[in-house]
Amino acid sequence: MRKRITALTMAGVMTAALLSGCSGGNSTSTTTAGGAADTTGAEAAQTTAGGTEAAAGEKVEITYWDQNADTKRTEIFNKLIADFEAENPNITVKLVPVPADQAKSKYDVAIQSHTAPDCGGVSQYWMSDFLIQDALVPLDDYIAGWDQKDKTLSEFDESIRSMAPDGKMYGLAHMVTVPVVWYNTELMNKSGCEIPKDWDGVFDCVEKMTDKANGVYGFSIRGGAGSSQQFEQMMYQYSGQLDMFDENGNSTANDPAHVELLEKFASIYNVYTPESDITNAVAEMNAAFDSGSAGMIFHNLGSYGQHVQTLGEDGFAGLVRLNATNGTRTIVSNGAMCLSVFKDSKHPAEAFKFVSFLAQHEACSYISEQIGQIPCNKEALEDEWVQNAGPIKEAADALLDSGTTVTTLPINVIGYYDLHQNTLVEGFQNVLLGNMTAQEYLDNWASEMTRLKSEYDQYLQSK
């Protein structure tokens, strides 16, 4: 990437239940490269904060957690693991599929009990919490000797380094997704709408695409789990506001433009959207779009492959860049998906060998293509499939376009993730239901983020 990254966070970040199984000592159900379940007892808990590379020819087993597991991803990882093991016959990789809605809590429990995996997928916005727990291995020494280190996108490297007070690399950037407004092309054409260039155009089409008599709504809102963070991306895209905090450290969540946007969404709920949206999580929202009962949704490129299967490549399209109220075009990211090595690992060198394999050209391109993400590998970005996948290419072009500002949510602030998980969703629902005003909700949001940032600043000063 050639463009400048404008940060929403202080650090300049760029860019989105107990696990009964790991490298530690619990019983687990895992899948191996062949896809068969393994329910035998795992190894004794790994309590060393590091280890040495196995002697030549010594066979070792490492565990990898896929933090966003589903049937398709398990098939993908099984293939990649088989390829890796063929190249590295002394290393066996045990795959543990972890559903996305459970992954963070399972990691936290495993870290506290010293039963974390050797390596795994880590959302960048979890990284600060993991660093506080001293759970991750700095990868700088391994990266220095990695012959593919120049193939990764430097902006993502800088982003990951900025998560850590010591400026070290605690993960490799693997893939990134960007938010997108998906629209049903048939319903859009039938409504007579022009393809929207801004959010005002989106709301105009929402009204025109609604046909309640035939069970069609113009939009489906994600009102349940994950709704507040998705709305956060919408509101900063809508306003074009580049700073998550002002010069005095106060959150800009309650910017007047954000209040305006939330009021608009509250006004269309249960009028041009299904009533069930109030509790819908991502699966239900995507299902409404795929069934044709919702003309538009706001999600990200991660659902591209799913929509292709249900609607066909010509049945939908995406809006990656919408003009903000201030005239700019802003992409708001929630960070990269990273590959990290955990300090509980007895075999960190082998664990790095596997995650670096996943980050190199062929493996990174393969999984990105299969699940519809943007690879964080320069060579993969040049592959033919990227050029042929309309929304993926548009997103890649947008990220490379000097006219687009890329900015990231304040994922490095400790407590940010928990605030969204435990507090903000209920308030968002209350606004949609008319039980709370948009101003009240966003004022509370801003107050909490200002408090968390102040605490985070104090933490940084103590380091």
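H1 passes H12 in a right-handed crossing. This description rests on a predicted model, in which helix H1 (residues 71–87) and helix H12 (residues 348–359) pack at an angle of about 120°, their axes lying 11 Å apart. Because angles of 65 to 115 degrees count as roughly perpendicular and those over 145 as roughly antiparallel, H1 and H12 are therefore classed as oblique to each other. On the H1 side the contact is made by Phe77, Leu80, Ile81, Asp83, Phe84 and Glu87, and on the H12 side by Lys353, Phe354, Phe357 and Leu358.

Elsewhere in the chain, 3 strands form an open sheet in the order E8-E7-E9, with antiparallel pairing. Strands E8 and E9 are its edge strands, each pairing on one side only, and neighbouring strands of this sheet are turned by 35° against each other on average, direction ignored. The strands have the following residue ranges.

| Strand | Residues |
|---|---|
| E7 | residues 179–184 |
| E8 | residues 296–300 |
| E9 | residues 316–319 |

Strand E7 is joined to E8 by 5 bridges, the two running antiparallel, and proline 179 stands opposite asparagine 300 in E8. Helix H8 (residues 227–239) packs on the sheet, where it touches E7 and E8, and the direction of H8 makes about 100° with that of E8.

Taken as a whole, the chain has 18 helices and 13 strands, and buried residues make up 57% of its 463 residues. The accessible surface of the chain comes to about 18000 Å², of which 46% belongs to carbon and sulfur atoms.

Notes: Residues are numbered from 1 along each chain as its sequence is written. This is a predicted model: local features need pLDDT of at least 70, side-chain atom pairs count only at pLDDT 80 or more; totals for chains, interfaces and linings use all residues. Side-chain values use heavy atoms; hydrogens and water are left out. Helices (H or I, at least four residues) and strands (E, at least two) are DSSP runs, numbered from the N terminus. Buried means under 20% relative accessible area, exposed over 50%, partly exposed in between (1.4 Å probe, protein chains only). Accessible areas come from the Shrake-Rupley method with a 1.4 Å probe; for residues, only the protein chains shown count as cover. Two strands pair if DSSP finds at least two bridges between them. Axes are lines fitted to C-alpha atoms, for helices over the stretch in contact, and angles run from 0 to 180 degrees between N-to-C directions. Contact means heavy atoms within 4.5 Å. Angles under 35 degrees count as roughly parallel, over 145 as roughly antiparallel, 65 to 115 as roughly perpendicular and the rest as oblique. A crossing is left-handed if the near helix is turned anticlockwise from the far one by less than a right angle, and right-handed if clockwise.
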